[in-house]
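Here is a short report on one structure. Please keep the sequence and the 3D view open while reading.

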Amino acid sequence: MNFKKLTATVLGGALLFGLAACGGTTTTTTAAPGTTAAPAATTTAAPATTAAPAAKDVTMLVWSPADDVADAQGAWLKKETEAFAKANPQWNITWEFGEAGEGEARDKVLKDVDAAGDVYMYANDQVNDLIAGNALARLGGEAEAYVKNTNAESVASSVTVDDKVYGIPFTTNTWFMYYDTSVFSEEDIKSLDTMLEKGKVSFPLRNSWYLASFYLANGGTMYGDGTDDAAGIDFGGEKGVQVTEYLVDL
């Protein structure tokens with residue numbers, strides 16, 4: 001099912017439903033001339049009823065990371081799809097599922113946009129390529145307002161191109177470090193160097209998804225606000241050298 005086609009169908013259906021109306025008929029009895037008329041009898045027919053439109057049969061293909069369709073997380077995905085179906089009774093939805101992680105979404109979707117998932121997750125640095133490939137539908141109405149009103153501007157802008165919203169953010173590009181409170185105090189964890197002086201730290205130092213945070217923390221930038229391809233990645237200059245030397249020492 002092409003989600004953009006479905007959106008057009010739903011909007012058209014709403015216009016048709018808006019034209020539906022119901023009313024009644026009134027009959028009045030009048031006496032013949034020269035006679036005393038009995039009280040006029042007025043009967044009103046029961047309001048005409050309009051049958052509810054039949055739910056439209058659609059198939060929805062959901063692509064999600066492998067963890068979401070595995071046994072442990074599959075119950076969560078099933079719960080969410082059932083809740084969506086319940087909230088949208090105008091559709092009789094047949095659900096289909098496939099696997100696609102956020103990092104590989106662009107490559108998998110652009111291989112065959114028509115056969116790709118109707119709903120999928122993607123890393124926001126892929127947004128321009130997906131738009132160019134006609135693989136993302138612009139959000140509007142309540143969905144667009146939700147994105148703008150429930151996220152920080154910096155987060156909402158990560159899925160916004162030319163003032164148009166193309167996705168719903170579900171997590172920021174961040175990572176978390178868990179620590180043992182019997183070893184580190186709340187003051188200790190403000191400095192990685194202090195933590196290394198007091199105890200051991202396990203960190204995926206070869207993983208570029210994690211290393212970028214050091215450069216960003218020292219003034220580096222990635223694609224401007226996250227969507228400006230022309231701005232590129234700027235981890236260079238003296239600030240970049242400082243971070244690289246720090247990581248080598250680390």
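## Cavity

This predicted model holds 1 cavity of 30 Å³ or more. The volume of the largest cavity is about 30 Å³.

Its lining is made up of Tyr-215, Asn-218, Gly-220, Phe-235, Gly-236, Lys-239, Gly-240 and Val-243. By type, these residues divide into 3 nonpolar, 4 polar and 1 charged. Helix H10 gives the most to this lining, with 3 residues.

## Helix H9

Helix H9 covers residues 208-217, and Leu-211, Ala-212, Phe-214 and Tyr-215 are buried in it. Seen down the axis of H9, these buried residues fall within an arc of 155 degrees, so they line one face of the helix. On the other side of H9, Trp-209 and Ala-217 are exposed.

What covers the buried residues of H9? The cover includes helix H8 (192-198), strand S7 (221-222) and helix H10 (237-249).

Just after H9 comes Gly-219, with a positive phi of about 105 degrees.

## Val-155

Val-155 sits in helix H7, residues 153-156. Is Val-155 buried or exposed? Val-155 counts as buried because its relative accessibility is 17%, and the cut-off for buried is under 20%.

Leaving aside neighbours within four places in sequence, Val-155 is in contact with Pro-169 and Thr-172. Val-155 and Thr-172 are 17 residues apart in sequence. In space, their C-alpha atoms are 7.2 Å apart.

Key:
Residues numbered from 1 in each chain as written. Predicted model: local features only at pLDDT ≥ 70, side-chain atom pairs only at ≥ 80, totals over all residues. Heavy atoms only, no water. Buried < 20%, exposed > 50% of the residue type's maximum accessible area, 1.4 Å probe, protein only. Helix = DSSP H or I, 4+ residues; strand = E, 2+ residues; numbered from the N terminus. Arc of directions from axis to C-beta. Contact = heavy atoms within 4.5 Å. 1 Å grid on protein atoms, 1.4 Å probe; cavity = no way out; pocket = protein on both sides within 12 Å on 5 of 7 lines; lining within 4 Å. Points joined across faces, edges and corners; volume = space filled by probe spheres on them. Nonpolar A, V, L, I, M, F, W, Y, C, P; charged D, E, K, R; others polar.
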